[in-house]
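Q: Could you take me through one part of this complex, the place where the two chains meet? I would enjoy a close look.

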Amino acid sequence: MSTESYEDTLERLGELLSCKSDLGKVAAAKIEKLFGELEEQKSNKSSDAVERIRSGFIHFKTHKYLKKPSLYNALAKSQSPKFLVFACSDSRVSPSHILNFQPGEAFEIRNIANMVPVFDKTQHSGTGAAMEYPITELNVENILVIGHSRCGGIEALMSIKDDAAPHKSVFIENWVKIGTSAKNKIKQEYGDLSFQEQCTHCEKEAVNVTLGNLLSYPFVRERVEKGKLALRGAHYDFVKGTFELWELDVKITPAFAFS
Amino acid sequence: MATDAYEAAIKGLKDLLSKKADLGNVAAEKIKELTQELKELDSSNSDAVERIKSGFTHFKTQKYLKDSARFNDLAKGQSPKFLVFACSDSRVCPSHILNFQPGEAFVVRNIANMVPPFDQKRHSGVGAAVEYAVVHLKVENILVIGHSRCGGIKGLMSIEDDAAPTKSDFIENWVKIGASARNKIKEEHQGLDDEAKCTECEKEAVNVSLGNLLSYPFVRAEVVKNTLAIRGAHYNFVKGTFDLWELDFKTTPAYAFS
């Protein structure tokens, strides 16, 4: 589209100058100036971004894709990841980096503050769909929910003063409120700690809220009860360089039959 | 606690067998089976824990400790230039396929890398991520990456009739975000086989998402100021290719008629 208009405008300029040749020098000077401006624009943000994407893909292709043809051939046909991982969208906590997951190992859902809402077909179809597929069709064996330090989403949650107050954001508060019970627990039990320490506790407690919410999905509960699906929570602290891992232990005992 | 229950159960079993010795062989068989099951359970659990542990150790020794300046900076704050939408598929992580390093890209991953239109009730998850990245982190680029053999797109293309009851709890309702892409492909590419139609839909669904991005006022505001670029892409892991295109969006100054 933009190349067409460029050709058209050049044509019209040519027509003008053929009628008014005395404008030739003025035209030449203006075109030189334009040329200079366009040269500058070449090295602007847009081509930086395109270059970053291009070089990133080339790096992947040469150092990984072409070096392991049998792995990538097999993956091209199908995937059978053992993990379903929930991680925050934060640029610092990609599971491929922090847990060195290779292509094919982990089905990943990334959202603000690594949250899983309670089963809700209307309000939370995105999370539901992203769980239904790996669990019922790919048969993953492990779910791992990873919280992290300095989480902006948890900070936003902890900053909500009054549940009834109007929101400052369009979406963020509505979303992070999934973790409200975690916030309330922390404010009650750790009210004397600094805001940052409270946030750290909330980052972990919100993972536990999410682990609990996972059980509100029938296809999760079924498999957990049969011992086919393990649920784990984790907290990655990039300030200290630590990783904590814990498990949710869920069992249903055989029924006592009273009569 | 667990050992108490186990001790009690073993005691009960021994009591039973001391009274009914003929059950001995049956008991032995069943105990062997049970032991095997427990071994398998234990190894798959400890496999997973070991995988997580060794993965983190690898990251810590090969990256975190080797680049302490970068990680010290990142601990204070992030300023990624990219907001990336990628599919949750285990084969298409942007950290791999575009070699994004920690701090470079704010990433949203869902089924079929979809961006639904602005909807505070139904789609707060995506909305929150776009809002945080664009308004708070002020990313300069949004990149939506579709990919080959996408199960979500295949699911979308398989929906025969929009009015029919869904076979899944969530999947069909979610992928229907791309319904206009499916309809376009079914109309314009009738001659193609199913797999080729899916490939076209993978790309067209990215375009639907790019359009949906503009339904977010805070996105539109930055795009018209030229402070935010919107791009689509398609990663084909069968062929080893990556296509990249841009959404060119401008509003001209207004003509004032009076």
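A: Here is a walk through the interface of chain A and chain B.

This is a predicted model, in which local features need pLDDT of at least 70 and side-chain atom pairs count only at pLDDT 80 or more, while totals for chains, interfaces and linings use all residues. Residues are numbered from 1 along each chain as its sequence is written, chains are lettered from A in the order in which they are written, and side-chain values use heavy atoms, with hydrogens and water left out.

The predictor assigns the complex an ipTM of 0.83 and a pTM of 0.84. For chain B the average pLDDT (the predictor's confidence in each residue, from 0 to 100) is 92, and 96% of the residues score at least 70.

Counting contact as heavy atoms within 4.5 Å, 79 residues of chain A meet 77 residues of chain B. Together the chains bury about 7,100 Å², with carbon and sulfur atoms giving 59%; this is accessible area (1.4 Å probe) lost on being put together, summed over both parts. On the chain A side, A:Ile53, A:His97 and A:Phe171 lose the most area to chain B, together 12% of what that side buries.

Now to the charged pairs: the rule finds four salt bridges across the interface, each a side-chain nitrogen of Lys or Arg within 4 Å of a carboxyl oxygen of Asp or Glu. One of them joins A:Lys121 to B:Asp169, whose closest N and O atoms are 3.5 Å apart. Helix H3 (residues 45–65) of chain A, a DSSP run of H or I with at least four residues, supplies the largest share of the side of chain A that touches chain B, 13 residues.

Technical notes
Buried area = accessible area lost by both parts, 1.4 Å probe. Helix = DSSP H or I, 4+ residues; strand = E, 2+ residues; numbered from the N terminus.
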